[in-house]
Amino acid sequence: MLQSPFMWNGHAPRIIFLLTSGVIPVLVFFSKRRKTQNLDDFPTVGCSFGPSRCFSNFYVGASRFLVDAPGVLKEGYEKYGNRPFKVATMLRWTVVLTDPQHMVEIANAAEEDLSFREAMKDIMGVDDALKINVGSPDHDLLAELLKSHIARNATKICAEVQDELLVSLETVLGNESDDWTSIPALSTVSRIMVQTWQRFFVGYPLCRSSEWSSLVAKIHKDVAISSVIRRLVPSWTFPFFARMTSNLEANVDRATILLGTAVEACTSEVDEYATPNEQKFDFLARLVRRSTGEDSLLRNLTTRLLGFTIAVSSTPSNTLTHALYHLATNPEFAQVLRDEVDPIVHHDGWNIQSVAKMSKIDSFLRESARINGVSSLGFFRQATRDLSLSDGTFLPKGCTIAVSLPPFHRDSTAYEAPDEFRPFRFSDNPEHSITTITPQWLFFGYGKHACPGRFLLTYQLKVMFAYMISAYDIRIGDEWTSRPPNFIFGEGIVPNLSAHVSYRRRQPISNAH
């Protein structure tokens with residue numbers, strides 16, 4: 001999933017000035033023009049004059065895509081159907097595919113033909129920002145550990161994550177008053193998610209250290225800013241602009257010191273690093289044991305762990321906030337959801353089996369993700385050689401391709417009234433759970449690169465959403481009369497950055513007389 005640049009803070013004016021003044025686009029165009037592939041066989045969408053190598057065509061198209069990617073992609077699909085077309089982004093020209101057969105081919109293609117890793121280096125920017133060695137033999141170790149660790153310890157992990165999530169919710173929200181309290185939705189959800197994921201990655205008690213949580217949030221912000229800059233400037237200017245806009249190095253230095261204590265505990269089995277129920281949470285210990293060579297050095301261990309945390313934590317934060325906005329602007333849905341959650345929790349408590357029964361919660365989250373998503377594009381790949389797809393579509397070496405997701409998630413042949421938010425659309429069909437992967441549901445990918453942590457992620461989402469519904473009344477901030485619009489930055493789709501929601505402890509339903 002795309003890393004979305006949702007925390008610009010005071011750095012935004014400098015970035016926007018450089019963009020709108022034309023300084024950055026000129027640098028990008030002339031730094032990349034020698035590497036531009038001949039993509040003239042693909043029709044251009046988003047700009048309509050001049051050849052694809054013309055600067056004015058590139059700049060106009062990239063500027064439009066930056067602020068209206070969904071509109072550009074919709075225009076391309078309506079005009080060309082399942083035929084490929086190309087769009088200009090601030091990184092490069094990108095060939096966009098909408099044909100389901102193309103999607104399946106790309107998802108199952110060999111890495112040596114269509115490289116996921118090479119494409120994501122520029123898209124995410126995490127490796128560059130944190131100076132992670134992508135050529136390391138252990139580069140994919142974290143993803144492998146995540147998949148195997150969850151598979152072996154699913155029940156225990158879900159219990160640990162649930163414990164941390166409920167503690168985080170009560171710590172951050174913890175409102176015992178009957179009065180409404182207003183909070184910034186996205187930043188509050190992100191704070192809770194960060195602490196919860198840290199329980200999984202670094203364990204107790206470091207996950208509850210306010211300094212560690214603060215550092216992770218700052219580093220997340222710094223990397224997000226760097227990711228934005230990485231998209232907008234040529235590679236040789238990136239270090240200069242990155243230093244201008246963040247304190248990443250200093251924050252990583254401090255995080256390394258803090259993580260060092262936990263790493264030492266993992267290797268020496270210090271008792272106080274056991275979780276409250278005496279069961280040591282050992283993802284970090286497994287990572288330490290399996291890392292070799294330079295990757296076993298503390299600084300490199302820290303950057304790899306932070307980079308992976310960032311890569312997996314944005315999706316749940318954005319997904320939950322999207323759903324929260326739908327609930328807050330449609331409070332009548334809350335009682336329907338409570339009618340499902342309350343009896344299940346009363347009878348079975350909070351556990352992996354009881355949460356699995358919450359089909360309406362699952363449906364609400366899936367429908368919100370279908371309507372909003374976190375990106376308009378997915379399945380980014382870079383051609384490592386000249387090759388042709390099964391229908392003869394030729395992809396020159398070095399070109400970047402991606403799949404447009406709205407044609408799949410808003411397909412009228414798969415979904416009735418596809419543009420309408422129907423929260424319980426999937427509640428009567430267990431085959432349509434949010435974790436199910438089908439050619440019409442690509443939220444977690446498809447094929448060999450499907451998200452390995454999707455079951456843990458959705459469990460976290462369902463527990464948090466269900467608990468908030470059962471414990472709190474929620475409404476949208478007074479400044480909004482409808483659902484706050486999403487923030488679009490290129491293909492990234494982020495919940496409204498400034499919207500607040502109000503909450504209070506759940507009030508009993510009074511009988512009218």
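How many of the 18 residues of helix 18 are buried? Point 2 takes this up.

1. **Basis.** This is a predicted model; local features need pLDDT of at least 70, side-chain atom pairs count only at pLDDT 80 or more, and totals for chains, interfaces and linings use all residues. Residues are numbered from 1 along each chain as its sequence is written, and side-chain values use heavy atoms, with hydrogens and water left out.

2. **Helix 18.** Helices are DSSP runs of H or I with at least four residues, strands are runs of E with at least two, and both are numbered from the N terminus. Helix 18 covers residues 454–471. Of its 18 residues, 17 are buried, so the helix is largely enclosed by the rest of the structure. Buried means under 20% relative accessible area; exposed is over 50%, and partly exposed lies in between (1.4 Å probe, protein chains only). From first C-alpha to last, helix 18 reaches 25 Å, close to the 26 Å expected at 1.5 Å a residue. That expected span is 1.5 Å times one less than the number of residues.

3. **Confidence.** pLDDT is the predictor's confidence in each residue, from 0 to 100. The protein chain has a mean of 83, and 84% of its residues reach 70 or more. Helix 1 (residues 12–20) is lowest, at a mean of 46, while helix 16 (residues 359–371) is highest, at 97. Residues 1–18 fall below 50, yet this stretch has 56 contacts in the model beyond near neighbours in sequence. Residues 270–281 are also below 50, with 29 such contacts. Contact means heavy atoms within 4.5 Å.

4. Strands count as paired if DSSP finds at least two bridges between them. Strand 2 (residues 93–97) runs parallel to strand 8, joined by four bridges. Here Leu97 stands opposite Val403. Axes are lines fitted to C-alpha atoms, for helices over the stretch in contact, and angles run from 0 to 180 degrees between N-to-C directions.

5. **Strand 5.** Strand 5 (residues 377–383) is mostly covered, with seven of its seven residues buried. On one pairing, strand 5 runs antiparallel to strand 3 (residues 114–115) through two bridges. Ser115 faces Gln382 there. Strand 5 also pairs with strand 8 (residues 400–404), antiparallel over four bridges. In that pair, Arg381 stands opposite Ile401.

6. A second open sheet has the order 4-12-9 and antiparallel pairing. Strands 4 and 9 are its edge strands, each pairing on one side only. The twist averages 30° from one strand to the next. Helix 13 (residues 298–329) packs on this sheet, touching strands 9 and 12, and its direction makes about 90° with that of strand 9.

7. **Strand 12.** Four bridges join strand 4 (residues 181–184) to strand 12 (residues 500–505). Ile183 stands opposite Val501, and Pro184 has His500 as its bridge partner. Strand 9 (residues 472–476) pairs with strand 12 over five bridges. Asp473 stands opposite Arg504.
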